[in-house]
Amino acid sequence: MSGGLTLSVLLEHDLVTFTRAVGVLRRRNFPIKSIAVGPSATPGLARLTIMMEADQATADRAARQLEKIIGVREASAFPAGEGVARELALVKVRAARERHAELLDIALLYKAAILDESADGAILEVSGSEAFVLSFLRALEGFELVEVARSGAVAVGRTSGSPIPVTQTSEAVQ
Amino acid sequence: MTELLTGAHVMCRVLLEEGVDVMFGYPGGAIMPFYHALPEFPTLRHVLVRHEQAAAHAADGYARASGRPGVCVATSGPGATNLVTGLATAMMDSAPVVAITGQVPRNMIGRDAFQETDILGITQPITKHNVLVQDAELLASELREAFAIAREGRPGPVLVDVPKDVQNQKIEYEGRSRQHQSAARASRSVPAGSRLFPRACGDLREAAELIATAQRPLIMAGHGVLLAAAYDELRCLAERTGIPVITTLLGISGFPESHPLHLGMPGMHGEVHVNRAIQQADLILGVGLRFDDRVTGNTAAFAPRAKIIHVELDPSEVGKNVPATVALLGDCRTILRELLRAVSPRDCKDWRAEIAGLMKTRTEQYRGDLSPEGILQVLDEETKGRCTIVSDVGQHQMWVAKLYPYERPNTHITSGGLGTMGFAVPGAIGVRFARPEEPVWAISGDGGFQMNMQEIATMVQEQIPVKMAIFNNGYLGMVRQWQQFFHGRRYSATPIWSPDYVKLAEAYGVAGWRVENAGQSREAIRAAMAVPGPALVEFLIEQEANVFPMIPPGASLSEPIEGEPAPLVSA
């Protein structure tokens, strides 16, 4: 990831809290690049990862605004360099059978999994940094991309967060 | 002991438990079960307004005057949407309001039912919190939580949306003691933002150090002083350090205006010496204010020499508009107490002399003899300073802010952040319920008054003795002033016709007077105060009177307009 700030938010896992969080980012005009949300290690809580094109002060302001929402447990901002960020992309490619080998080569190069293959194409899965995913998409430019679904980045800070009680983790994993 | 109660009864019970004595509302289909239960609770007084916007403003006025949450009630759909302006007003000015709305029955939600609207979605950005209660079992805890959230930390409005069938749902109610600690309460997430950051002793020491060494320090006091009732602490700190005190629009009446350390109001219509002092200051101790653009002018040029100590309850306000050298997070009262212990006495004599040198006695210039200044002076004399003034928005608001000498705490109430025209009349209704012993004056312009004048009927029906003053200049005066200064005198859509207000008052059965010259002011104000019920006084002031000085929008505090702009040269 080049530059940018990551906002990592732990919040109650329901639509109301999610829309509140997204709403405050929209109405205060924060420069958002991507948003990804999913369950966290704690049951009932979700982890929201927001990528911003912003400086630390702006991202901190966003975190303070998010923390005012009832249902948001914590929000912190860290520079991309201080965390690990990955996104996942699913790509449906149309390719004639004679070009399947070429497609396979690209998939191998990017460690992309082939999830589905048919006579006229395939569905590929790739994950990595945003730059890596974009590079993969560029590599496929010679093919007809039928559909691309990108998850938006999820990220974990190297120093952020606190240990999750064992019981909660095991519950979440079941 | 449990009782079988309907959701509506539970709502009334909780309101009682929360100490509610009055609510402002308007019934309708989806809130009827609540209104059906209400007569069984005679100590819950309900004031029927004429428009739900007024219910929200009245609840807001009540909250600001009493410090306790004000309550408003409306039905679903249009009833709920009519609350919106009032809730946004309360949100911007941090007033604790609990709004209860009826909603269509659960099985009809999402089907565009009659009078259905997504009030949760609509009010999300303008409430501190809102909730749709989908089960009567949760009603008590959600309502209690609504009061707690409205009140705690930085106050604000909370909306509780209750489907009609939930109001009718029968549940076993256990009363406050047990349910208070029930599962719903226990699972309540403490909003992360209300957890105050641990205040490092270093910050306090650094602040004290800055206060001790500054050559030109100023205190800027905002609404936070009133919200935390930090009046004594503010005065003690000012007296101990000799630092002059500036009060923002919502900070007015947080510091006695006759005090030798009181400087006045800053910002767009602040006095020139106040803004000059800010521009020359080397330290600003901001107490409970958010450095709004109307206060700072162009932030890039605001107080260019000053370090800023920001005393603030809400961490998201620190650094939002201006950078803070030191942030002291907490309520103003607590922080000022800590600061008081940390600072050593000084007197800032040279600096005060310097500011005194900046002061010019500016006589307001009006062509007619009925000046806003004169009216407010008579009002002060006739009320002997013992009244609460609720102002509307516009030119008169600035005159009322600057020309009436506020001595007692929290006696000036106005819509600052949102600038809601129409606030004064319904706001004053709420204020009067919080201060039944005190004269309450609602002062409006002819524009704002006409936005909510239907509430005279509420005053009559509910016998609420609010005194109304209208500064009538036949224009939407503040907009007209901007048109005069910045739009080449093109008075587009600002001339405004008024009805005969004295006859209007009469039609409502209210006493009314029209004042056309200065000689009539005293008699009319006195007569209005003497009648037991509501009363109305219309002042016909000069049509093109302006508010001076004025910082043009976006300009720095160093660039005031101090007098009438040169007349346009005709082409």
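Where in chain B is Trp497(B) found? The legends below refer to a predicted model.

**View 1. Trp497(B) in a loop of chain B.** Trp497(B) sits in the loop that runs between helix 23 (477-486) and helix 24 (501-507) of chain B. This residue counts as exposed, because it has 7 C-beta neighbours inside 10 Å and the cut-off for exposed is 12 or fewer. Asn452(B) is 45 residues from Trp497(B) in sequence. In space, the C-alpha atoms of Trp497(B) and Asn452(B) are 15 Å apart.

**View 2. Packing of helix 13 and helix 16 of chain B.** Helix 13 covers residues 231-241 of chain B, and helix 16 covers residues 332-342 of chain B. The axes of these helices are 9 Å apart and form an angle of about 25°. Helix 13 of chain B is therefore roughly parallel to helix 16 of chain B, since angles under 35 degrees count as such. The crossing of helix 13 past helix 16 of chain B is left-handed.

**View 3. Residues in the contact of helix 13 with helix 16 of chain B.** Helix 13 of chain B contributes Glu233(B), Leu234(B), Cys236(B), Leu237(B) and Arg240(B). From helix 16 of chain B come Arg333(B), Leu336(B), Arg337(B), Leu339(B) and Leu340(B). Of the residues in this contact between helix 13 and helix 16 of chain B, six are nonpolar, four are charged and none is polar.

**View 4. The contact between chain B and chain A.** Chain B supplies 12 residues to this contact, and chain A supplies 18 residues. On the side of chain B that touches chain A, five residues are nonpolar, six are polar and one is charged.

Terms used. Residues numbered from 1 in each chain as written. Chains lettered and ligands numbered in written order. Predicted model: local features only at pLDDT ≥ 70, side-chain atom pairs only at ≥ 80, totals over all residues. Axes fitted to C-alpha atoms, helices over the stretch in contact; angles between N-to-C directions. Helix = DSSP H or I, 4+ residues; strand = E, 2+ residues; numbered from the N terminus. Parallel < 35°, antiparallel > 145°, perpendicular 65-115°, else oblique. Left-handed = near helix turned anticlockwise from the far one by under 90°. Contact = placed C-beta atoms within 7 Å. Nonpolar A, V, L, I, M, F, W, Y, C, P; charged D, E, K, R; others polar. Buried ≥ 20, exposed ≤ 12 C-beta atoms within 10 Å, placed from the backbone.
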